[in-house]
Amino acid sequence: MNETFISDKNGYYGEFGGAFVPEMLRQNVESLRAVYYNIIESAEFKKEFNMLLSDYAGRPTPLFFANRLSNKYGAKIYLKREDLNHTGSHKINNTIGQILLAKKMRKTRIIAETGAGQHGVATATVCALMGMECVVYMGETDMVRQEPNVKRMEILGARVVPARCGNKTLKDATNEALRDWICNPENTFYIIGSVVGPHPYPDMVARFQSVISEELLTQLSGKEGIEDPDYIIACVGGGSNAAGIFYHYINRKNVRLVGVEAAGEGVNTGRTAATISVGEPGIIHGSKTLLMQNEDGQITEPYSISAGLDYPGVGPLHAWLAKTGRADYLNATDKEALTAAYELIRLEGIIPALESAHALAALGKLNFKKTDIVVVNISGRGDKDMQAYIEAKKMFK
Amino acid sequence: MNRIEKLFKTKKKNILSIYFTAGYPELNHTLSIIRELDKSGVDMIEIGMPFSDPVADGPVIQRSSEKALHNGISLNLLFEQLARVREITNLPLIFMGYINPVFKFGIENFLHKCSETGIDGTIIPDLPVEEYRKSYEPLYEKYNILNIFLISPQTPNERITYIDSIAKGFLYMVSTTATTGATNNFDDSQMTYFKKFNDLNLKTPKLIGFGISNKVTFNQACDYSNGAIIGSAFIRSLDENGPLPEIIHRFIGQIRD
Ligand SMILES: Cc1ncc(COP(=O)(O)O)c(C=O)c1O
């Protein structure tokens, strides 16, 4: 099997990827595809991008040795602290990159979709920074369960537009954003929040997020004298934080890459968002990938307690990493995620995002050796999830 | 010869094509709608295959698709409903929908069924020309089904020329940078675009779609093309009170009279 993990010129990772967009979007996507690589790999762009990552977002994010968690699981567990970024998650890495690109392409209006609201907040933030108009689409269900983030976006000057179709979650918000882009092709740049969508988005977003693994290489050398951990664990919604922390390790086959999807109430309950476990090949939001669908090819409604993982597709890179066996994909239920979150809170004093809690839940599902070095990506912080944690408190004295 | 090609060979002006969503308003309306459209004198019929996530569609077709799926329509059931469609109409029939249900059905299986049923073509907005050529074209040719390409106001001239060179049947010229939906009037910039497009003197016939709702917009579109496609406005009319045949004949009558 051909095992390159960089997409080809048509945006394919093996059989997954591509750009399945209607003719009305073709020109937008094509003009982005034609310029993105040269712009983002240019010295000038990198200089500005890196300056904002360090001085504005607060990078590099720390690599923290979690002593008590390590004792509990019998391995050396490090946490990559993406939760300490400005705006509280890894999403800012990508939005800084894309807004710089939008400016270079002379676009004046930004649109975005959001699930948990983290990508929406990160987009609204860079729009404020750059003085650009910002419209964020968000499912009505998500607007209720992630209300603090709706308010944050509005304070930052963004207009939050509810998506009222389907389950009113991330998939429906993405549909609305795509429709907006069809209607406003001239002035609008669509900042997609994960490694999903038509080519070149999956590759572009992975490149912006790859700063996570780039830092990890040097941070781990500093602490352990080696660049390669035994395991890297990250949660997977669309898959951008996972793509970012896997990126520089993909061809280092001695490092086990583990993605963790949201099982919701359980993989086989019909109330799940574990796309790689239950999905089949198909086309969603412009890319061929694995997706949750019924026998008629209708996309089925996902479910997870975590709005950021509540998506019926997955980035084509992950579909390919799963198919080739390069990465393993586990899943964690709502309850397992809540338990893992409380464990981190009480052992290390860190309140993770519900999404990141799914990655932590994998610690109990893997058999470590005492000497194993394990890195867990804490993709975001839990401020937005306080309501869920407060409600779960009686479970964890 | 494929029925679509035959139509464009014999009729050059004022072609009227109507889109409706299969399974809407009621699950079993599919054949009755086709029968009445045939009797009312339309030239071609587009049968919408509902999809859960119709990103190129505006609110009316989103809603009709959602309702149709709720009613229980599926591609399998649609083929069953249409098993004897050729006993009631000789008009060209086109399936319009999104790629995922077709992909799931299996492309060869789908085209085989289309050909058995008497479907003449497909319009699949999210199947780009390039993907069609790479993976689908030989099968379409094998079953003599035409895949109709879209052209939008954003499509550059050299790409229009390219698409024209490989197109069969007709070009679906999207009238505006918007999703599907009805408008009451075309503005100057749209008329300029129609004219510019018409002046390219393409080899393939063309129909204008998106935003056509009444006699005015239909005639405006026909001035610069071989005809036009009406979708959302027709679907909205199906919500009116009264017997289906009456509604359909009244609607088509208002466009044509
Ligand atoms: C904190 C956090 N982690 C993870 C995700 C999931 O996205 P991805 O899989 O693209 O990293 C989200 C999405 O909203 C998030 O907010």
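A residue counts as buried when its relative accessible area is under 20%. A:Thr87 has a value of 6%, so A:Thr87 is buried. This is a predicted model, and the values below are computed from it.

A:Thr87 sits in the loop between strand E4 (76–81) and helix H4 (91–104) of chain A. Its phi is positive, at about 75°, although A:Thr87 is not a glycine. Most residues other than glycine have a negative phi, and most peptide bonds are trans.

B:Asn201 is another non-glycine residue with a positive phi, here about 50°. B:Asn201 lies in the loop between H9 and strand E8 (206–209) of chain B. Is B:Asn201 buried or exposed? With 65% relative accessibility, B:Asn201 counts as exposed.

One runs from A:His199 to A:Pro200, with omega near 15°. A:Pro200 belongs to the loop between strand E8 (188–191) and H9 of chain A. The other joins B:Tyr24 and B:Pro25, with omega about -5°. B:Pro25 belongs to the loop between strand E1 (15–21) and H2 of chain B.

**An enclosed helix in chain A**

Helix H9 (residues 201–209) of chain A has 9 of its 9 residues buried, so the helix is largely enclosed by the rest of the structure. The buried residues of H9(A) include A:Tyr201, A:Met204 and A:Phe208. Charged residues are also on the list of buried residues, among them A:Asp203 and A:Arg207.

**A loop residue that touches both chains**

A:Val21 is placed in the loop between strand E2 (16–17) and H1 of chain A. Its relative accessible area is 8%, so A:Val21 is buried. What does A:Val21 touch, leaving out residues up to four places away in sequence? In chain A, the contacts are A:Arg26, A:Val29 and A:Pro198. In chain B, they are B:Pro125, B:Asp126 and B:Pro128. A:Leu101 is 80 residues from A:Val21 in sequence, and their C-alpha atoms are 21 Å apart.

**Nonpolar cores**

The largest nonpolar core has 190 residues. Within this core, B:Ile47, B:Phe110 and B:Phe170 have the most contacts. Helix H1 (residues 23–40) of chain A gives the most to the core, with 7 residues. A second, separate core has 28 residues, including A:Ala66, A:Tyr231, A:Leu309 and A:Ile350.

**Helix pairs in chain B**

Two packed pairs are set out here.

| Helix pair | Angle | Axis distance |
|---|---|---|
| H6(B), residues 107–117, and H7(B), residues 129–143 | about 25° | 9 Å |
| H2(B), residues 30–40, and H12(B), residues 244–256 | roughly 40° | within 9 Å |

How are H6(B) and H7(B) oriented? Angles under 35 degrees count as roughly parallel, so H6(B) is roughly parallel to H7(B). Their crossing is right-handed. From H6(B), the contact residues are B:Ile107, B:Glu108, B:Leu111, B:His112 and B:Ser115. From H7(B), they are B:Tyr136, B:Leu139, B:Tyr140, B:Lys142 and B:Tyr143. The residues of this contact divide into 6 nonpolar, 2 polar and 2 charged. An α-helix has 3.6 residues a turn, so residues three or four places apart point the same way.

H2(B) and H12(B) are oblique to each other. H2(B) also passes H12(B) in a right-handed crossing. H2(B) brings B:Ser32, B:Ile33, B:Glu36, B:Leu37, B:Lys39 and B:Ser40 to the contact. H12(B) brings B:Leu244, B:Pro245, B:Ile248, B:His249 and B:Ile252. Here the residues divide into 6 nonpolar, 3 polar and 2 charged.

**A partly exposed lysine**

B:Lys196 lies in helix H9 (residues 188–198) of chain B. Its relative accessibility is 43%, so B:Lys196 counts as partly exposed. B:Ile248 is 52 residues from B:Lys196 along the chain, and their C-alpha atoms are separated by 34 Å.

Definitions and conventions:
Residues are numbered from 1 along each chain as its sequence is written. Chains are lettered from A and ligands numbered from 1 in the order in which they are written. This is a predicted model: local features need pLDDT of at least 70, side-chain atom pairs count only at pLDDT 80 or more; totals for chains, interfaces and linings use all residues. Side-chain values use heavy atoms; hydrogens and water are left out. Axes are lines fitted to C-alpha atoms, for helices over the stretch in contact, and angles run from 0 to 180 degrees between N-to-C directions. Helices (H or I, at least four residues) and strands (E, at least two) are DSSP runs, numbered from the N terminus. Angles under 35 degrees count as roughly parallel, over 145 as roughly antiparallel, 65 to 115 as roughly perpendicular and the rest as oblique. A crossing is left-handed if the near helix is turned anticlockwise from the far one by less than a right angle, and right-handed if clockwise. Contact means heavy atoms within 4.5 Å. A nonpolar core is a set of buried Ala, Val, Leu, Ile, Met, Phe, Trp, Tyr and Cys residues joined through side-chain atoms within 4.5 Å. Buried means under 20% relative accessible area, exposed over 50%, partly exposed in between (1.4 Å probe, protein chains only).
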